[in-house]
Amino acid sequence: MSYIQSPSLVTNPFFKIKITHLPTNRLISLPGWVTQFSDNFTSNWNQQNVYGRMDPLVTFENTQRKITLAFDVVSANIEEAIANLASVNKLIEFLYPVYEGNSRTQQNTLKAAPLIGLEWTNLISQPHGGQRLVGYLGGVNYSPEIAEGGFIRGDKNVSSKSSTTTTPMTITNMNPWEAGYGVPQQVETHTTNIETTTTLSKSFIPKKLNISLDYTVLHTHLVGWSHSLSDAALEIAEASGKEIRYYFGGDRATIDSRFPNSHMIQTAMETTNQSTINTVIPEAVPGSSVPWEQNLDDPLTIQEEADLQRALGNPVDDLVWG
């Protein structure tokens with residue numbers, strides 16, 4: 001059975017599945033023939049039932065992220081099949097850690113756990129910049145489709161062996177008294193070369209491999225909501241009853257509205273109305289002890305107007321900056 005490969009999935013680097021063994025910085029890249037993708041977020045709570053209370057007492061523990069990725073590795077010829085099989089073998093090796101020594105007796109000295117960097121398009125990447133995620137693999141399911149056929153490869157091994165035979169020679173006209181008393185006996189040597197051809201390492205290389213990964217993400221940035229105000233600005237905002245704006249990751253410019261897989265967004269989308277925007281207390285002006293305040297009736301600043309127009313999809317090139 002022949003396969004028609006989509007050029008974008010095979011040749012476009014954007015669709016490559018990149019997997020890095022972080023302790024050794026070894027990298028493999030596989031064609032992005034993805035058949036299944038799921039990004040699972042689990043919020044864990046500790047529940048404790050109390051006598052006479054209908055609802056349990058709950059305390060928040062954490063929110064975990066796990067990614068399931070399944071893809072096919074399809075080969076059009078034996079060269080591709082060998083290269084793809086080698087990459088998949090390397091992926092399986094990535095499940096193992098790094099040890100201090102190089103012998104089995106020293107495997108109790110663990111040097112580094114097998115952390116994995118994973119990247120595929122913007123769906124598996126960091127929200128700030130699109131770099132690889134950091135995490136670990138819970139397992140790899142490697143399933144060749146035998147019914148699709150494959151390639152058979154066998155390497156011939158040609159060996160040559162020398163065989164040596166010796167034949168004693170009869171010595172005549174020798175003094176009998178000298179025979180056997182330190183006089184070397186003459187021999188005749190014959191060498192025969194024998195060539196042997198054998199076939200070794202015959203292998204079956206499947207055309208199609210089904211791979212599925214169970215990947216747990218370890219967050220490398222602030223996961224949660226925080227404000228970007230200084231302590232002084234926060235104190236004034238709370239005293240005046242102003243609303244405090246919280247951003248996911250604590251910084252609107254880097255992570256907010258881009259987590260988990262929308263790092264291509266350049267400006268955070270604002271869904272609040274104008275009055276809410278105007279009630280946010282910005283940082284204090286440098287050199288001033290009193291932060292700048294804004295009333296609900298004040299017009300939007302040029303920066304706020306630009307952000308609002310970008311969120312609405314309108315061009316902002318005509319805005320005049322002071």
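Guide: Leaving aside neighbours within four places in sequence, Glu 145 is in contact (heavy atoms within 4.5 Å) with Lys 208 and Asn 210. This is a predicted model, where local features need pLDDT of at least 70, side-chain atom pairs count only at pLDDT 80 or more, and totals for chains, interfaces and linings use all residues. Residues are numbered from 1 along each chain as its sequence is written, and side-chain values use heavy atoms, with hydrogens and water left out.

With Asn 210, Glu 145 makes a polar contact, side chain to side chain, at 3.3 Å. Such a contact is a pair of N or O atoms within 3.5 Å; within protein, one must be able to donate a hydrogen and the other to accept it, and residues adjacent in sequence count only if both atoms are side-chain atoms. Glu 145 sits in the loop between β8 (133-144) and β9 (150-168). Strands are DSSP runs of E, at least two residues; helices are runs of H or I, at least four; both are numbered from the N terminus. Glu 145 is partly exposed, at 23% relative accessibility. Buried means under 20% relative accessible area, exposed over 50%, and partly exposed in between (1.4 Å probe, protein chains only). Asp 72 is 73 residues from Glu 145 in sequence, yet their C-alpha atoms are 9.8 Å apart.

Move on to Ser 75. This residue lies in the loop between β4 (57-74) and α2. Ser 75 is buried, at 3% relative accessibility. A polar atom of its side chain lies 3.4 Å from the backbone nitrogen of Ala 81.

Asn 77 caps the N-terminal end of α2, with a side-chain oxygen 3.2 Å from the backbone nitrogen of Glu 79.

Which residues of α2 are buried? They are Ala 81, Asn 84, Leu 85, Ser 87, Val 88 and Leu 91. Down the axis of α2, these buried residues fall within an arc of 160 degrees, so they line one face of the helix. The arc is taken from the directions from the helix axis to the C-beta atoms. An α-helix has 3.6 residues a turn, so residues three or four places apart point the same way.

Now the rings. There are 6 aromatic pairs. Rings of Phe, Tyr and Trp (its six-membered ring) pair if their centres lie within 6.5 Å; planes under 30 degrees apart are stacked, over 60 edge-to-face, the rest tilted. Phe 14 and Phe 15 have ring centres 5.3 Å apart and planes at 80 degrees, so this pair is edge-to-face. Both are partly exposed: Phe 14 has a relative accessible area of 44%, and Phe 15 has 23%.

Trp 225 and Phe 248 also pair edge-to-face, at 5.7 Å centre to centre and 85 degrees between the planes. Trp 225 lies in β12 (residues 225-226) and Phe 248 in β13 (residues 247-248), so the pair ties together parts 23 residues apart in sequence. Trp 225 is exposed at 59%, whereas Phe 248 is buried at 15%.

Finally, the whole protein. It has 5 helices and 13 strands. Buried residues make up 27% of its 322 residues.
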